[in-house]
Amino acid sequence: MLLLGCIKEVSDYELAISLPNGLSGFVPVTQISDAYSKLLTKQVAQGELLEELHSLPDVYSPGTLVRCIVTSIEKSADGRRSVKLSIDPKKVNKGLSSTALAAGMLLSGSVLSVEDHGYLIDIGVTGTHAFLPHQKAKNYIKAVKKGPDLKIGQNLNCLIVEVKNEGRVVSLSIDRSEVAASIATERQNWALSNLLPGLVVKARVQKVAPLGMKLTFLSYFTGIVDFMHMDPEKSMSYSPDQVVKACVLSVHPTARAVRLTLRPPFLHCGGAPRQLPGQRMGAVLEEATVKAFYKQFGAVFELDDGTLAFARLKHLSKTRKSFKPGAFKEGCKHKCRIIDYSLMDEMCVVSLKHQVIEAQFLQYQDIHTGDVVQGKVLSLKPIGMQVKVADGIRGLVPSLHLSDVILKQPEKKYNIGDEVKCRVLECNPGGKKLILTLKKSLVQSKLPVLSSYEDAKPGLITHGFVVCAREFGCIVKFYNDVKGLVPKNELGSEPISCPDKVFYEGQVLKVMVLKCEPQQERLLLSFRLSSKPGPEDKWKCTPKEKQEVKYPIGEIVDVKILKKKDNGLEVSILEDEDNVVAWIPTLHLSDFVAISKLLWHCLQEGDVLPRVMYLSDKGEHIILSRKSAVISAVQEEQVVRSFSEIQPGMLLTGYVRNVMPFGVFVEFPFGVTGLAPKVSMSDKFVTDTKDHFVVGQTVIAKVMSIDEEKQRVLLNLKVSECSSGDSAAESFALLNQYFKELKEIRDLLRRGEPSVCALVPGKRLHLVVQDVREDGSALFSGSSVTGLTVTATRYHLGDKNIAPGEKRKALVLHVDALTSEVYVSLREELLKQRP
C-alpha cells in the first residue's frame with residue numbers, strides 16, 4: 001500500500017512518519033534508497049566514517065512530505081502494532097515503467113550521485129537515467145538549508161520536465177514553484193497500478209455522506225475523502241457535481257481503493273502541514289466540545305482555541321464496557337488531554353481516559369534529570385533492566401545501577417512486572433534515551449542533583465557514584481554524565497595507600513566540590529566533607545574532636561526532643577551549654593522493635609528522655625541509644641572495644657544491622673560487626689532469614705570464629721548456645737523490662753489518646769455490632785471505644801449468631817496503640833472467668 005506521510009522525528013537510525021488518520025510508521029535507515037544502503041554497508045565494512053555518507057538528521061527535516069510504501073506490520077509483545085515503511089524509489093515507483101513516463105509527471109526520486117553539471121537521481125524505474133541540472137535544484141537547496149549540495153540518499157519530489165529516447169533518459173526539476181504548480185492530468189496516462197500519493201488532481205464530487213465524500217478524477221478514477229480530510233472551513237457546503245482540487249493520500253492497488261484529502265496545505269505539491277505549538281502538547285483541557293461522533297472511529301472535538309481534535313474510540317473511555325455513546329452527542333463537553341498531533345490530519349489527538357489525563361509523563365520531553373519516577377520491570381538482560389515508565393516511554397537501568405551493591409543474580413531480586421522506584425540519571429528526548437538508577441541512596445537522596453558542570457559550585461555537597469578507583473584516586477559520576485576526580489589526598493582523613501581496595505565501582509558516596517572549570521568540563525572533588533553547619537543538619541555543628549572528648553562511648557545523658565523525623569528523633573543534650581544536637585534512630589529507642597515504633601508514635605517534640613547512652617559519632621552526627629540491654633553491657637564492661645579484643649566463645653550484646661538471605665549482620669557498641677550465617681541463626685530450621693530476625697532487634701550473640709586477615713567475625717545466635725547459665729532469670733529480666741516500657745508508653749498515651757489507655761487486656765466492655773464481614777469476623781462500636789477499630793475474629797465470636805445493631809458483652813484481648821485497633825472476644829468461657 002502506498003501512502004503520503006510527513007516526517008515527524010528524525011534519529012540516526014530511523015524516520016518517524018505521521019500517516020493519515022492519526023496513524024504513524026517508521027522508515028529504518030536501510031529503507032532510504034539503494035545508494036544510501038550501499039554507503040552504509042561500505043562504512044561498516046571499512047570501519048571508518050565516509051565523507052559522502054551523511055547521517056539522517058543531516059539529510060531530513062521534520063515537516064517534510066514523503067511518499068512511502070508499507071513493507072510490514074509487526075506486532076510487539078504487548079499487542080501494539082508497528083508499521084514499517086520504505087521511501088526507496090525502487091519500491092515506491094515499482095508500478096512505473098520507462099514507457100509510462102511523461103512530461104509533467106510528479107514522482108519520488110533519491111540522489112544517486114553528485115556530478116559536474118547536476119545530480120543523477122534514482123527514480124526507481126529500470127532502464128531509465130534521470131538527471132537533475134544544478135539550475136533546477138538551486139532554489140530548493142537554498143530553501144532547505146541543508147548545505148551547498150544535495151546529499152546522497154536525499155528524497156526529492158521530482159517533476160519530469162522532458163522525456164527522451166522512449167523514456168530511457170529524463171530531465172527533472174525540483175524547483176519549488178514548478179513543483180507546486182503541477183497538476184496530474186489525463187494526458188499523463190496514470191493507471192491504478194502506478195498512481196502515486198501526493199499527486200494533486202481536479203476532482204468532481206459524486207456523493208456526499210456524513211462520514212465523507214466520493215469523488216471522481218482523471219476521467220475514470222473514483223476516490224474517497226473521509227471526514228478528517230474535508231476542508232474544515234467548507235465541510236458543510238460540499239454538493240454533488242462540484243469541482244474541487246484534491247490530493248491523493250493513499251493508494252491500495254489490490255483493494256483498488258484511493259483516498260484523497262481536501263485540506264489546503266496538501267493542494268499544492270511540496271506544501272508542508274501546520275505544526276502544533278510545542279506548549280500545547282500534553283495540555284489538559286477542562287472543556288472540549290463534541291463536534292461529531294463516528295461509532296466506528298471515534299469523536300471529533302472543538303478545542304478552546306477553535307481548532308479540531310480527534311479521539312479514537314479506545315481513548316473515549318476506560319474500557320469498552322464503560323463506554324456510553326450518549327455522552328458524545330454534538331455539543332457535549334468533556335475533559336481531555338492532548339496526547340499527540342497528527343501532521344497529516346493537522347489535528348490534535350486527544351484522550352479522555354482518566355489515567356492519561358492524570359499521567360505524570362506523556363513523552364520523553366516531560367522527564368527531567370533527577371526526577372524520581374515509578375516504573376514497571378519489562379525485561380532483565382546482561383546490559384541491565386528495561387523499565388516501562390509510561391505508555392511509549394521506556395528506560396534502561398544499567399546493571400551497575402540495579403542496587404547499592406553489585407548484583408550477581410539480579411533475577412533473584414527483581415521479577416518481570418515488579419513496580420520499581422527509580423531516579424533519572426540521564427534523559428535525551430531527541431534520541432529517546434532514558435537512563436535510570438535503582439540505587440536507594442541516590443533515589444532517596446535529599447541532596448542537590450548535580451546535572452551540569454555549571455551547577456558545580458565550590459562547597460556543594462551531593463551524592464555521586466564511583467566509576468573507577470585507581471592509585472591516583474577515584475573518578476565519581478553524577479547526573480547527565482557529569483564526572484570529576486577525587487585525588488588521593490582527598491579520599492579520607494587518614495591516608496589511603498590502595499584506593500581500589502577501599503572503594504568499589506558503583507559505590508554511592510557523599511562528595512564535596514572543591515573546584516570546577518565548566519569550559520574544560522573539569523571537576524575536582526573531595527570525600528572529606530566540611531564540618532560547617534547546614535540549615536537542615538544542625539548536628540554537624542560541633543567538630544568531631546570536641547565531641548569525642550566531651551562524650552566518650554557509654555556516657556549517659558538526658559535529652560530533649562527537638563524534631564521528629566521519619567526514621568528517628570533529633571534531640572539536644574541537656575545540661576550542655578553548647579546545645580549539642582544528636583540523633584536517636586527509631587530502632588534505638590528500645591530493645592524491642594515493636595516498642596520502638598510505639599514510643600516514636602507517642603513521643604512529642606519538647607519531651608525529655610532520661611538515661612540515653614552515647615553510642616557513636618560515625619558519619620556526621622552523634623548517635624545515641626536507649627536500648628537497656630546494650631547500655632547494661634557497656635556499663636558492665638561486657639563489650640569489645642576493637643577487633644583485637646574478640647575471643648571465640650565470648651557472649652556479646654548487639655543489635656541486628658542487616659538481614660540477608662544468607663545470614664544476619666550484628667553490630668556491637670564501639671563499631672565491631674559480625675555475621676551469623678543461616679545455619680547458626682536459630683535452633684529451628686531456617687528457610688527464610690526474615691522470618692527469624694528484623695533490623696534493629698537486640699540480640700545476644702556468641703563468637704564462633706575470627707578471621708584476622710579478612711577482619712571477619714562469625715557468630716552464633718541460637719538461643720540454646722547464647723545463654724550465660726541462669727536463663728530463667730535472664731528471661732524474667734527481659735520480660736520485666738518489656739512491661740516497664742509498656743507502662744511508660746501507657747503514661748505517654750494518656751495525654752493524647754486517653755481512650756486507648758483505659759483499655760487493658762481482660763477488661764469487659766458493652767459494645768454494639770456494627771458489621772459482619774465476609775470472612776466471619778465482626779466490627780463493633782461503643783462509647784468506650786470512640787475513634788478505635790474494634791474487631792473480633794470468627795473464632796472469638798464463639799457459636800453466637802450476631803447481626804448489626806445488637807448489643808453484646810465482650811472481653812479485651814489485645815490493644816494495638818500504633819494502629820488504634822482493639823481485638824475482643826465474645827466466647828463464653830473467657831467472659832465467665834472472674835476478673
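These legends accompany a few close-up views of a predicted model. Local features here need pLDDT of at least 70 and side-chain atom pairs count only at pLDDT 80 or more, while totals for chains, interfaces and linings use all residues. Residues are numbered from 1 along each chain as its sequence is written, and side-chain values use heavy atoms, with hydrogens and water left out.

**View 1**
Start with His796, in the loop between β43 (789–792) and β44 (807–816); helices (H or I, at least four residues) and strands (E, at least two) are DSSP runs, numbered from the N terminus. His796 is buried, at a relative accessible area of 17%, where buried means under 20%, exposed over 50% and partly exposed in between (1.4 Å probe, protein chains only). Not counting residues up to four places away in sequence, His796 touches Leu813, Val824, Ser825, Leu826, Arg827 and Leu830, a contact being heavy atoms within 4.5 Å.

**View 2. Charges over rings.**
One of the neighbours of His796, Arg827, has its charged end over the ring of Tyr795, 4.0 Å from the ring's centre. Such a charge has NZ of Lys or CZ of Arg within 6 Å of the ring centre and within 35 degrees of the ring normal. Look also for Lys564, which lies over the face of Trp600 at 4.4 Å from the ring centre.

**View 3. Lys151, a buried lysine.**
Lys151 is found in the loop between α4 (138–144) and β9 (155–164). This lysine is buried yet has no salt bridge, and the nearest side chain of opposite charge, Asp58, is 7.1 Å away. For a salt bridge, a side-chain nitrogen of Lys or Arg must be within 4 Å of a carboxyl oxygen of Asp or Glu; Lys and Arg count as positive, Asp and Glu as negative, and His and the chain ends are not counted. Leaving aside neighbours within four places in sequence, Lys151 is in contact with His54, Asp58, Val59, Val111 and Lys146.

**View 4. Aromatic rings.**
Rings of Phe, Tyr and Trp (its six-membered ring) pair if their centres lie within 6.5 Å; planes under 30 degrees apart count as stacked, over 60 as edge-to-face and the rest as tilted. By this rule there are nine aromatic pairs. Tyr220 and Phe221 are stacked, because their ring centres are 4.8 Å apart and their planes lie at 25°. Tyr220 is exposed at 60% relative accessibility, whereas Phe221 is buried at 5%. Ring pairs link Phe217, Tyr220 and Phe221 into a cluster.
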